[in-house]
Structure formats: C-alpha cells, structure tokens
Amino acid sequence: MTTAAHGAESRPVEDPRVTVVVASRNRREELLASLARHRAPVVFVDNASTDGSAEAVRVAYPDVTVVRLRRNMGAFARTLGAARAGTDFVAFADDDSWWAPGALAAAASVLAAHPRLAVVNARILVGPEERLDPVCAEMAASPLPRPDGVPGAPLLGFVACAAMVRTDAFLTAGGFDPVVRFPGEEERVALDLARLGWAMTYLDDVVVHHHPSPRRHAPDERVRAITRASVLTGAMRLPWRRAVARGWRAARAGAPARAGLRDALRE
C-alpha cells in the first residue's frame, strides 16, 4: 500500500484532537463531494478501487492522507486508517456521510471529559430532508443502565459512519477485523470494548449527515451480508449455544439469510 503526505493546510480544523477516517471503494463522485465537508485532517483508505478514486483524491485534496489497499478489506480498512491517524480520537465517515459543523468538537470534548468512554454515536440525519435514522430512536431509548457521570444513552453497539472512537481503546479492542469486514462489523468491536470495561454512548445533540449513495447493496444482498457478519461474530464471541441459535435462525429466515449462513460457514 502507498501513502501521500498531508498537503496544504487549507482545510478547517475544528478540533486538533480528531482525525476523520474514510474508507471507500468505487464511489469516486460521492467521495469527492463528501471529502470537502470534513472539518479535520482526513485519512482516506481506498479499498482497491478500480475507478480512479485514489488518484482523484490526491489531485483534488492534496491535504488528505491516502492509503491505497491492493485488495478490498471491507471495514478493516477503517482500522488501518485509525492506526495512521495519530490523534486521540477518530471520527469515522463513509463516502456519503459527514459530521455537522461543531459535531467533531462536541464529541471529542465528551470523550476527553470521560476517560472510560470509548465511543460516541451521533444522531444520524438522512438525506436532504434530514430524516431521523430509525436506529437513533432505538439507541435513544436504550434500557441499559447508565454509567455514573456519562451523558447520553448507554449502548452495546454503534453505527460506524456516525461514531467517534477513542483511538487507543478502539485499537486495543482489535478494531474492525478482516474476518467480518462489512456490513455488520460493529457488533464484535462493541462486545470487545464492553468486555474490556469501556462505555459507549449515544448523544442526540451531536449530528452526522448521511446521504445514502445510490450505489448500494440490493436489499437481498444486504440481508445476506448482515447475516454472514452476525453468524461470524456469534462464532467468534458468543457462548456456543447462542452462536448455534443464530445459525438456526438464519437457516429458517429465507433464501438471502441462508445464503449469508452458507457464506459464514465457508469461512
């Protein structure tokens, strides 16, 4: 893999404690449009794109650090980006998402004020109409006990494109791995962070914008991929009875889920 050094310092830096890490594959136009919105140093990890994404970023944004992978590593690319960041905190973004003005500094301040907090998950507003992502309502209503002094709603999971992490905690927990890859990569990280004693929280007053790319998995393909991730995570981290139960549920859940189960079993 190759890199490009940070270029001109024209990009606004909202909080020097934060780096934005973006992983992308073959979505050059969305990527180029979203990179301009990040108010922090950016590490872009290119997942073996064939559409010239890496070259286009180097030309359009010479201040962005580019890490080009020889093969698609899925969400593991974010871990490689976080390892390159060199800042206390890393905010993840996809090629179709960005943190609202003020959000990076707000999330970093919360992490800095609470030493056992590893993840801040922002409120996600979807599309130009800024619809609330339904998962945010679920996170806000979390029934988990709240750790003393930690603001927001306690979590045992998060949405990667709207998460800021404490870099050392994230990397110590293994980061996103090359086995689960994408999507559904967050569960294993969240389980390992919790096992290590780290807290995670949802903050409704910190905002991320997500304008989903039209180049996305078809619904059946997404079910297949998420099932694969769920079964693999269960096999790696859950008691064997619960892991097997996940497999049985997938086997009875329809053709896309069964395909995901077969993918997981092969691995």
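This report describes aromatic pairs, charges over rings and salt bridges in a predicted model.

Residues are numbered from 1 along each chain as its sequence is written. In this predicted model local features need pLDDT of at least 70 and side-chain atom pairs count only at pLDDT 80 or more, while totals for chains, interfaces and linings use all residues, and side-chain values use heavy atoms, with hydrogens and water left out.

The structure holds 4 aromatic pairs (rings of Phe, Tyr and Trp, the last by its six-membered ring, with centres within 6.5 Å; planes under 30 degrees apart are stacked, over 60 edge-to-face and the rest tilted). One of them joins phenylalanine 170 and phenylalanine 176 edge-to-face, at 5.3 Å centre to centre and 65° between the planes.

Arginine 78 lies over the face of phenylalanine 176, 5.3 Å from the ring centre (a charge sits over a ring if NZ of Lys or CZ of Arg is within 6 Å of the ring centre and within 35 degrees of the ring normal).

Across the whole structure there are 19 salt bridges (a side-chain nitrogen of Lys or Arg within 4 Å of a carboxyl oxygen of Asp or Glu), including these:

| Salt bridge | N to O distance |
|---|---|
| Arginine 78 and aspartate 94 | 3.1 Å |
| Aspartate 192 and arginine 195 | 3.9 Å |
| Arginine 266 and aspartate 263 | 2.5 Å |

Both arginine 78 and aspartate 94 are buried (under 20% relative accessible area; exposed is over 50% and partly exposed in between, with a 1.4 Å probe and protein chains only). By contrast, aspartate 192 is buried at 2%, whereas arginine 195 is exposed at 59%.
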